[in-house]
Amino acid sequence: MAYDKFSKITSPAIPLPVENVDTDQIIPARYLKAVERKGFGDNLFRDWRYNRDGSPKTEFPLNNPMYSGKILIGGKNFGSGSSREHAAWALYDYGFRVVVSSFFADIFKNNALNNGLLPVVVPGEFLQRIFKTIEKNPDAEFEVDLQKQKFTILESGESVEFEINPYKKHCLQNGLDDIDYLVAMKDKIAAFEKTK
Amino acid sequence: MEAKTLFDKIWDAHEIEKVKGGPSVLYIDRHLIHEVTSPVAFLGLKTRGLKVFRPDQTTATPDHNVPTTNQHLTIMDELSRHQVDMLKRNCQEHDIVYHDLQTDGHGIVHIIGPELGLTKPGMTIVCGDSHTSTHGAFGAIAFGIGTSEVEMVLASQCIMQPKPKKMRITVNGKLKKGVTAKDIALYIISQISTSGGTGHFIEYAGSAITSLSMEGRMTLCNLSIESGARGGMIAPDETTINYVKGRQYAPIGKDWDEAVEQWNNLKSDPDAVFDTEYTFDATQIEPMITYGTNPGMGVGITQSIPKTEGMEGSDKNTYLKALQYMGYSEGEKMLGKKVDYVFVGSCTNGRIEDFRAFTAFVKGRKKAQGVTAWLVPGSQKVEKQIRAEGLDKVLTEAGFELRQPGCSACLAMNEDKIPEGKYAVSTSNRNFEGRQGPGARTMLASPLTAAAAAITGVITDPREFL
């Protein structure tokens, strides 16, 4: 999938202090009927964002004009449930480039990394500090530096390092994906098949 | 030699290389595809000018979207029809076997794999669906993948995956009457939570596990993902081998004998080390029911909804949000709660054994007035077997009707949606908000507990009738 190269992002963040945000909430199944990867952002968090009549739920953070930015801060176990990559597409399409949580579900994490959306794992305590920072000042800015693998609360200067495997880091920094890698090793794969 | 787990043995036999500082390149034996998570992958191939690398190792069927009535007619929903048509066209273009609606091989992708004998011990199996973990019941490494990964498998028959940690869950003892594989699974998830398995691949072991039928094992492995694990597996044994024997894609003759010999070696070494271990006592498990909005929010059916004492902060808020969605309060008993809908089906509990259990329970009884019941076989073969055994007649007499195969109300992508605010006892796998329709309230349970609810109209302990 083509996505923008990732280096450093400085942005305010949108808080979603809910745990176990499953991919059915990120994008409900009834919006998975497209055959192209377009427009999923419109239905991001559909049932939390809109009433049944289509009017916005004003209390939901994405509808709150106080909040903006390319970073989503979620509660622990973010992205559990269905393997639908549409969840990562919807977050990216909406404009997010980073999702921060103390804990991601495995499939979601892979899907995010394959689509230029950086999942940043921070300690639970630090996550609460991020939420508190936004609560005090919704315009507070954060810096995500992929090269240094560092997430910083700019107001206070507090920062944490986050993990990412070197291969995935390289892919994100260069906008590469695994398919290029695999297609380039087809001969090796064919040779492996003969040994089975 | 270093002691290995069953998972290690299969993984190592399929690892082509390990990228420095990165994931492994893992060879995939069988790839299953359906209409929802494959179109963008095929589009990706087209954009890159690639062909499917090994078309005979991919099998397709439409399941997520399809109606469960009048399957002989054109699909009414335009977008669903388009996705199904697209799958068919992509399969034609790339020479992939496609099991169309109304044909003998059609059904939910995780039901037909085992039925056709495509699922075998020692394999690596992937599908763009998290419940691919089902196939682990045969002693295979099987897990759900995203669409980018579907494209990888189509393009190269490989994916790039970090090797997960290993967990063993041992369940010893004899299950009590009325307690099923579904209850074991919901019990485990209620104990280790929906994130307890994250980063791990589970091997299930112990006397309560080996005494399960293949159908029961599939139900258990299916729900591994609901604990956050990539998948779950059970070492193959005689039960496994007897199930595979004689199926369409099972080996025959000398090949069969060789395969069985290999399969018999597929087990964890006695001194193999797991990163995480849990042990549970099967006699402590009662029929389970969920009360909240994730599969970890489950209790024994005679129990009450846990109280918030000791919870704080976002834990408590998330918990109360879930109860509010369900219209329940902490401390309430689950028994006697109103039920509007009953759904029997899905890749979790849509196999013949599930319909036998449900039918035996409702035989000679009547569906409660006010309960709408949707009974959806997991596949054409399951439906045919139901009719061959005369279960359909028993069901009709009890006031139930059978629908046609598909994922149906499990994720409500088709017309089978539970209306807003209504309560459904469901044999499926997820009770997330809106999973079975916007505003629908789901209680996950076994086919027996679903049957008890269907005839009484309230949450009922099935053991009262056994």
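How many salt bridges are counted between domain 2 of chain B and domain 3 of chain B? Here are some friendly notes that start there.

1. The count between these two domains is one salt bridge, meaning a side-chain nitrogen of Lys or Arg within 4 Å of a carboxyl oxygen of Asp or Glu. The side chains of B:Glu226 and B:Arg430 form a salt bridge, at 3.0 Å from N to O.

2. A word on the model: it is predicted, so local features need pLDDT of at least 70 and side-chain atom pairs pLDDT 80 or more, while totals for chains, interfaces and linings use all residues. Residues are numbered from 1 along each chain as its sequence is written, chains are lettered from A and ligands numbered from 1 in the order written, and side-chain values use heavy atoms, without hydrogens and water.

3. Chain B is assigned domain 1 (6-162), domain 2 (165-236 + 268-284) and domain 3 (288-464); the bounds come from an automatic or database domain assignment. To their contact (heavy atoms within 4.5 Å), domain 2 of chain B gives 19 residues and domain 3 of chain B gives 23. The C-alpha centres of these two domains are 22 Å apart.

4. Between them, domain 2 of chain B and domain 3 of chain B bury about 1700 Å², with 57% on carbon and sulfur atoms. Buried area is the accessible area (1.4 Å probe) that two parts lose on being put together, summed over both.

5. Turning to the chains, 55 residues of chain A are in contact with 70 residues of chain B. The area buried between chain A and chain B is about 5100 Å², and carbon and sulfur atoms give 58% of it. A:Lys33, A:Val35 and A:Ile179 supply 14% of the area that chain A buries against chain B, more than any other three residues.

6. The interface of chain A and chain B has nine salt bridges.

7. Lastly, please look at B:Ala453, which lies in helix 16 (residues 447-456) of chain B; helices are DSSP runs (H or I, at least four residues), numbered from the N terminus. B:Ala453 counts as buried because its relative accessibility is 1%, where buried means under 20% relative accessible area (1.4 Å probe, protein chains only). Leaving aside neighbours within four places in sequence, B:Ala453 is in contact with B:Val339, B:Val342, B:Val371, B:Val425 and B:Val458.

Key: Helix = DSSP H or I, 4+ residues; strand = E, 2+ residues; numbered from the N terminus. Buried < 20%, exposed > 50% of the residue type's maximum accessible area, 1.4 Å probe, protein only.
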